[in-house]
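User: I am new to this structure and would like to learn how to read its helices and strands. Could we take them in turn?

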Amino acid sequence: MATPYLVETKDLKKAYVTDAGAFEVLHGVNFTFREGEFTAIMGPSGSGKSTFMNILGCLDTPTSGVYSLLGQDVLTLSPNELARTRNLFLGFVFQGYNLLPKADLLENVGLPLLYARVGSAERKRRSLALLEKVGLGPWARHRPSQVSGGQQQRAAIARALASEPKLLLADEPTGNLDSQTSDDVMSLLISLNNEGASLILVTHEPDVAACAKRIVRFRDGLLVEDSPVLHRRAL
Amino acid sequence: MFPAMFLEALRAMGSNRLRTFLTMLGMVIGVGAVVLMLAVGEGARVTIKKQVDALGTNIFIVLAGFQNTAGVRSGSGSRQNLTQADGDAIEGLDDILAVSPVSFASLQLVYSGRNWNVMVNGVNERYLSVRSWDVADGREMDSIDSQSAARVIWLGQSSAKELFGSDDPLGKTLRVGTTPFVVAGILAPKGQSLDGRDQDDIALVPFSSFNRFLQGSHFQGVVRMLMIKAREGADMNHVQEDIRSLLRERHHILDSLQDDDFFLNNLSAVMDSAEAAARAMTLLLGAIASISLAVGGIGIMNIMLVSVTERTREIGVRLAIGARKKDILTQFILEAILVSLTGGLLGLLLGASGAFVVSSVWKMSIQITPFSLLLSFTVSLATGLFFGFYPAWKASGQNPIEALRYQ
């Protein structure tokens with residue numbers, strides 16, 4: 001217990017109010033996560049794992065409970081502070097890549113830096129270095145539609161890394177990819193973790209989850225299992 | 001930050017060219033209409049001002065008073081109490097450049113078989129300078145003409161044409177009624193007066209000759225009217241008061257409650273009302289044109305709202321990677337302003353070229369003022385801001401997670 005938790009949730013609840021009445025999707029989740037960890041979140045559809053992930057990513061707010069990120073109580077942050085947290089401390093990777101179609105890869109990767117008010121030259125330099133790191137240097141001036149799905153996801157990972165975040169969150173990052181490109185993306189994530197990046201990913205696929213160091217399972221809005229991966233899949 | 005956002009806004013404009021063009025078209029037509037209407041309205045105002053200026057705003061007219069015979073008031077000029085000596089006295093006042101007596105009568109002019117009824121004015125040699133009028137052909141009236149009551153006549157362009165056709169009238173003798181007069185000069189063209197009279201259908205003779213040969217008063221030196229020219233830039237109200245008090249003194253009106261026995265007018269009042277009318281017209285035209293500008297603005301708002309809905313996911317992504325509400329707001333407002341400003345500038349070109357077409361096809365006078373250019377620029381900027389704000393605000397207020405889920 002030497003290092004403090006990077007992420008800590010206590011009795012985290014989330015309810016949606018619909019016409020049919022209030023409807024709780026998280027019934028009180030306790031979860032801790034240290035720097036340098038690599039955790040996969042699994043669970044069937046509707047188990048609340050995506051909602052949990054969105055709360056971790058400061059995209060959604062819990063109804064009650066505690067969420068502290070880097071020792072900071074997220075629930076007390078203003079909308080602007082939340083935006084700053086997403087910008088500087090968190091990196092997102094989505095299932096559908098979510099790159100801006102009209103911008104080239106270099107501009108896409110530089111977008112978080114734009115919102116961090118990094119100057120144009122510095123932004124370009126750092127974006128290009130990141131694209132080279134994920135093996136996309138030659139495609140810097142291509143638009144997302146001009147490269148493959150695996151390349152788009154790698155560009156999205158480069159974008160998530162742009163502001164050197166403390167925590168990388170990936171929601172089904174391989175969901176749209178075939179197994180070969182899926183493995184490429186996972187090996188990139190593994191090497192990032194080996195370099196010290198903290199990673200949480202949501203997945204359906206056991207193969208993907210087996211790349212992580214720890215698996216957390218959700219069922220019916222509760223965290224029901226939390227175990228280390230004994231036989232890590234090497235890529 | 002800003003240059004990158006500007007480039008993004010440009011790209012957003014370029015990504016759907018037809019839509020951008022159609023959106024812009026509303027602004028182009030709106031601003032074009034405003035520029036055109038202001039140009040036409042301002043042109044009309046300048047034309048009117050020119051006409052009034054041609055009469056002279058520094059001109060005062062003194063009319064003789066009216067007669068009251070057993071309660072029957074017989075109209076201005078009917079009383080024979082205004083004299084040449086009054087005119088000479090006024091000429092001695094400060095800020096007065098020239099004074100001319102004017103008496104007039106509508107008389108038949110005859111020249112070798114042709115005849116024409118003309119308003120014949122008896123004036124002195126300073127009349128033309130008072131009216132800012134020139135002699136186009138021949139000589140000017142001089143003091144000898146006045147002193148000797150010479151039978152010489154000056155004709156306006158129209159009168160000369162009616163009587164002489166293509167012949168050269170100079171030096172020819174015509175008859176005014178029964179008295180022969182020699183044509184000494186032809187006046188420069190003056191055009192129409194404000195009430196539509198042809199100012200070129202006129203004849204001038206020396207005042208003394210008018211009195212002696214044509215329709216003189218029974219009293220020596222009595223005039224119908226005095227025309228006075230004051231120095232340009234002088235305080236006209238002050239000059240008017242000087243003339244009034246001088247005339248009252250000369251006419252022995254000592255009681256300050258007693259009315260003037262003359263009428264003193266200044267044309268600046270005429271000009272003020274004419275200009276006010278023209279300004280009202282410009283305002284009306286501008287207001288009508290502004291309606292199309294508002295319609296153009298609503299077009300921008302409409303398309304921006306569609307665009308915000310279409311780009312909900314993009315907004316979600318931007319929010320997820322750290323864009324603040326303000327960043328999204330700025331981006332969409334920038335796009336709206338860019339569309340409206342570009343449209344505004346194109347509209348300016350359209351309106352200006354439209355104005356030139358109007359002026360060359362319909363021979364209307366137009367006037368494009370820096371004010372109308374500045375106005376249309378400001379208005380298109382403001383339209384972009386105003387009609388872009390709501391969609392932008394709507395975009396920036398989205399919940400990131402809902403925006404990301406939007407299909």
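User: At roughly what angle do the axes of helix H11 and helix H12 of chain B cross?

Analyst: Keep in mind that this is a predicted model. The axes of H11 (residues 325–361) and H12 (residues 370–396) of chain B cross at roughly 150° and come within 7 Å. Angles over 145 degrees count as roughly antiparallel, so H11(B) and H12(B) are roughly antiparallel to each other. Their crossing is right-handed. In the contact of H11(B) with H12(B), 19 residues are nonpolar, 10 are polar and 1 is charged.

User: Now the strands. How many bridges join S4(B) to S5(B)?

Analyst: In a regular strand, side chains alternate between the two faces of the sheet. Here, strand S4 (residues 96–111) and strand S5 (residues 114–123) of chain B run antiparallel and are joined by 9 bridges. Ser106(B), for one, has Met119(B) in S5(B) as its bridge partner. The hairpin of S4(B) and S5(B) has 2 residues between the strands, and in it Ser112(B) takes a positive phi near 30°.

User: Do S5(B) and S10(B) run parallel or antiparallel?

Analyst: S5(B) and strand S10 (residues 202–206) of chain B run parallel, with 5 bridges joining them. Opposite Val123(B) stands Pro206(B) in S10(B).

Methods
Residues numbered from 1 in each chain as written. Chains lettered and ligands numbered in written order. Predicted model: local features only at pLDDT ≥ 70, side-chain atom pairs only at ≥ 80, totals over all residues. Axes fitted to C-alpha atoms, helices over the stretch in contact; angles between N-to-C directions. Helix = DSSP H or I, 4+ residues; strand = E, 2+ residues; numbered from the N terminus. Parallel < 35°, antiparallel > 145°, perpendicular 65-115°, else oblique. Left-handed = near helix turned anticlockwise from the far one by under 90°. Nonpolar A, V, L, I, M, F, W, Y, C, P; charged D, E, K, R; others polar. Pairing = 2+ DSSP bridges.
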